[in-house]
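User: Hi! Could you go through this one with me? I'd like to start with the terms.

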Amino acid sequence: NSTAKNEITEIIARESFFSMERAIDSKIIDKMLSEVDLFKLNLNSTEISSVHSDDGYFSSNAIAKSNTLFKLLTSDKILEISKQYLGDEFRLKSQRIYSTNPIARGAWHTDNKQFGQKDKKTKGLVVIIYLNDVFDGELQMIRKSHLISDEYKYSNYDEDTINEFDKGDIVSFKLPVGSIIIYDIRTIHRAKPYYSLLWRRK
């Protein structure tokens, strides 16, 4: 996409996040999902496999399974944005493909934590890619919350705390497959609970 890295990082620095609808072609998404084969669990095998837990299916070594995902996450554009926002030295800490169950209820939280403890020193960006249309159970974020979340002691937030924010600053990302959201790890966010038993967010 032609959106300049400076423009993207300036939007993140100001608003907490940047999003773009259909940033990645659906054919690339289909190829990625085919390579990872998220719902195939390999028992008694040395092959890299997904994991199933109460919350859903997780492929935590996705770039080892998908060359398509590897090329995407290490593309010039992603690296340029990261360097512009984080500085010359940074690392790809986590890369996974996952699908959460409708029974999953994640708390509002920030991602600047280690072992559950808040880490105010670490800078970071998170890149979320919708692997299917997400018009329910979507990602929600509080605009400009990365600027004030360090004022709170913990990385998880109860509903009383969330209610202190202006409802107009809670942004819901109801977007089609291939859409991308990039946000500062200090941003308060959650995946909105959903209840459909016939559909899974990926």
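Analyst: Buried means under 20% relative accessible area, exposed means over 50%, and partly exposed is in between, with a 1.4 Å probe and protein chains only. Helices (H or I, at least four residues) and strands (E, at least two) are DSSP runs, numbered from the N terminus. This is a predicted model, where local features need pLDDT of at least 70 and side-chain atom pairs count only at pLDDT 80 or more, while totals for chains, interfaces and linings use all residues. Residues are numbered from 1 along each chain as its sequence is written, and side-chain values use heavy atoms, leaving out hydrogens and water.

User: Which way do they point?

Analyst: Ile-180, Ile-182 and Asp-184 point one way from S12, while Ile-181 and Tyr-183 point the other way, and all are buried. In general, side chains in a regular strand alternate between the two faces of the sheet.

User: Which strands pair with S12, and in what sense?

Analyst: Strand S1 (residues 17-20) pairs with S12 in the antiparallel sense over 4 bridges, and S8 pairs with S12 in the antiparallel sense over 5 bridges. Pairing here requires that DSSP finds at least two bridges between two strands. To pick out residues, Ser-19 stands opposite Ile-181, and Val-127 has Ile-182 as its bridge partner.

User: Switching to helices. Which residues of H2 are buried?

Analyst: Ile-29, Met-32, Leu-33 and Val-36 are buried in H2. They lie on the same side of H2, because they cover an arc of only 95 degrees around the axis; the arc is that of the directions from the helix axis to the C-beta atoms. As background, an α-helix has 3.6 residues a turn, so residues three or four places apart point the same way.

User: And what's on the face turned away from that buried side?

Analyst: That face of H2 carries the exposed residues Lys-27, Lys-31 and Ser-34.

User: What do the buried residues of H2 pack against?

Analyst: They pack against strand S3 (56-59), helix H3 (62-65), helix H4 (67-73), strand S4 (97-100) and strand S8 (125-129). Contact means heavy atoms within 4.5 Å.

User: What about Asn-44, buried or exposed?

Analyst: Asn-44 is exposed, with a relative accessible area of 85%. Asn-44 also sits in the loop between H2 and S2, and its phi is positive too, near 55 degrees.

User: OK, on to H5. Which of its residues are buried?

Analyst: In H5 (residues 76-86), Ile-78, Ile-81, Ser-82, Tyr-85 and Leu-86 are buried. Their arc around the axis is only 105 degrees, which puts them on the same side of H5. Their cover includes helix H1 (5-15), H4, S8 and strand S12 (180-184). After H5 comes Gly-87, with a positive phi near 105 degrees.

User: How many residues does the largest nonpolar core have?

Analyst: The largest nonpolar core has 26 residues. By nonpolar core I mean a set of buried Ala, Val, Leu, Ile, Met, Phe, Trp, Tyr and Cys residues joined through side-chain atoms within 4.5 Å. The residues with the most contacts inside it are Ile-12, Ile-29, Met-32, Ile-97, Leu-125, Ile-129 and Leu-131. H1, S1, H2, H4, H5, S8 and S12 each give two or more residues to this core, and H2 gives the most, with 4. A second, separate core of 13 residues includes Leu-139, Met-141, Val-171 and Leu-175.

User: What is Ile-97 in contact with?

Analyst: Leaving aside neighbours within four places in sequence, the contacts of Ile-97 include Met-32, Leu-33, Tyr-57, Phe-58, Leu-69 and Leu-131.

User: Last one: what does the whole chain come to?

Analyst: The chain has 6 helices and 13 strands. Its radius of gyration is 17 Å, close to the 17 Å that the globule rule gives for 202 residues, so it is as compact as a globular protein of that length. That radius is taken over C-alpha atoms, and the rule is 2.2 Å times the number of residues to the power 0.38. Buried residues make up 44% of the 202 residues.
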